[in-house]
Amino acid sequence: MKRSELSIFDAEDVRALLDYPSCIEVVREAMKALSRGETRQLLRTMIHMGEGRTFGLMPGALSDQGMFGAKLISVFAEPDNPGVRRHRGVVTLFEPVEGRPVCVADAEEITHIRTAAATAVGTDTLAREDVKVLLLMGTGGQVHSHLEALPLVRRFERILIWGRDAAKAQAVVDAWSGRLPVEVAFDARTAAAEADVICTLTGARQPILLGEWVRPGTHVNIVGSSGPGPVEVDNALVLAARFIADSKASALDAAAEFLLARAAGVVSDDHIVAEIGEVLLGRAPGRRSADEITVYKSLGHAVQDLASAAHIFHASRNSN
């Protein structure tokens with residue numbers, strides 16, 4: 001392999017070449033391809049390397065004739081702030097004709113953007129058209145990417161920011177004031193009762209959102225937990241909702257909130273009624289009534305990362 005044959009994209013390159021509107025469409029098509037059976041991916045492999053330190057491998061292929069590769073990523077807690085986890089790594093792509101590696105891209109920035117894009121796809125597909133109030137629960141990096149992505153699919157009159165540290169929630173509001181109708185939510189229960197769309201974006205070990213707080217017709221995106229263990233919502237919300245995942249196979253393996261509810265005997269496997277790609281393809285209904293509570297469980301997938309990296313690779317080639 002020659003250095004000149006390998007395109008390398010750092011975080012700044014990713015931000016320049018993977019805009020949110022494009023990534024939303026990239027993820028939408030990737031989820032449809034996953035549910036059609038066109039893509040190939042294995043369940044993510046996680047190697048735990050001590051408290052707050054994990055190495056993950058997510059391999060996949062966009063199709064038998066498409067690009068393929070893997071995301072290799074470390075999820076490490078910040079030494080001075082263990083509640084904050086960074087996702088550092090690379091997405092590697094191979095071309096499908098000769099099997100040559102052609103691209104290495106910053107995985108942390110791709111993960112930030114495509115995660116919010118996936119939430120936007122879930123919201124656009126499952127939330128009511130007349131939603132007015134958005135609640136974002138969490139004050140880390142994902143709150144900012146979700147503030148970029150979600151207003152692209154719904155027009156919100158109020159956006160509530162809740163965090164366990166009110167000062168951090170205020171800092172988010174200060175950063176976005178003037179651009180979006182953001183305000184601090186000081187009480188999670190009150191905010192949840194007012195919201196039409198709720199996103200949980202935390203590393204919480206115990207539920208921060210309870211089913212009894214959520215009013216009929218709400219759409220909830222469960223985003224923060226990507227493996228067994230930490231849970232952001234309680235069993236009551238899992239039971240009350242029409243539960244849709246990005247991937248059934250991955251949800252049965254790693255969707256913490258669903259797994260906890262199943263272990264408690266509250267739900268069975270068939271409570272995962274569809275993949276988001278099946279809803280997009282018209283193979284399964286999404287929201288069935290204005291009063292139904294819907295949940296989109298986002299775990300994130302190799303095909304989302306690979307499709308995003310492929311978009312970056314082709315956009316770079318086209319610009320040159």
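## Sheet, helices and aromatic pairs

Eight strands form an open sheet in the order E10-E9-E8-E11-E12-E15-E13-E14, and their pairing is parallel. The edges are strand E10 (182-184) and strand E14 (272-275), each of which pairs on one side only. Neighbouring strands of this sheet are turned against each other by 20° on average, direction ignored. The model is predicted.

Val 220 has Val 295 of E15 as its bridge partner. In general, strands of a sheet pair through backbone hydrogen bonds, either parallel or antiparallel.

Helix H5 (residues 166-176) lies across strand E9 (158-162) and E10. The angle between H5 and E10 is about 160°.

Helix H3 (residues 107-126) has 20 residues. From its first C-alpha to its last, H3 reaches 28 Å, close to the 28 Å expected at 1.5 Å a residue. Of its 20 residues, 17 are buried, so H3 is largely enclosed by the rest of the structure. Asp 106 caps the N-terminal end of H3. A side-chain oxygen of Asp 106 lies 3.3 Å from the backbone nitrogen of Glu 108.

How many aromatic pairs does a search of the whole structure find? The search finds 2. In one, the ring centres of Phe 68 and Phe 94 are 5.2 Å apart and the planes are at 10°, so the pair is stacked. Phe 68 lies in strand E5 (residues 68-78) and Phe 94 in strand E6 (residues 81-94), so this pair ties together parts that are 26 residues apart in sequence. Phe 68 counts as partly exposed. Phe 94 is also partly exposed.

The rings of Phe 243 and Phe 258 have their centres 6.0 Å apart and their planes at 45°, so that pair is tilted. Phe 243 belongs to strand E13 (residues 242-245) and Phe 258 to helix H9 (residues 256-263), so the contact ties together parts that are 15 residues apart in sequence. Under 20% relative accessible area counts as buried. Phe 243, at 0%, is therefore buried. Phe 258 is buried too, with 0%.

| Residue | Relative accessibility | Class |
|---|---|---|
| Phe 68 | 30% | partly exposed |
| Phe 94 | 26% | partly exposed |
| Phe 243 | 0% | buried |
| Phe 258 | 0% | buried |

Note on methods: Residues numbered from 1 in each chain as written. Predicted model: local features only at pLDDT ≥ 70, side-chain atom pairs only at ≥ 80, totals over all residues. Heavy atoms only, no water. Pairing = 2+ DSSP bridges. Helix = DSSP H or I, 4+ residues; strand = E, 2+ residues; numbered from the N terminus. Axes fitted to C-alpha atoms, helices over the stretch in contact; angles between N-to-C directions. Contact = heavy atoms within 4.5 Å. Expected span 1.5 Å × (residues − 1). Buried < 20%, exposed > 50% of the residue type's maximum accessible area, 1.4 Å probe, protein only. Polar contact = N/O pair within 3.5 Å; in protein donor to acceptor, adjacent residues only side chain to side chain. Phe/Tyr/Trp six-rings, centres within 6.5 Å; stacked < 30°, edge-to-face > 60°.
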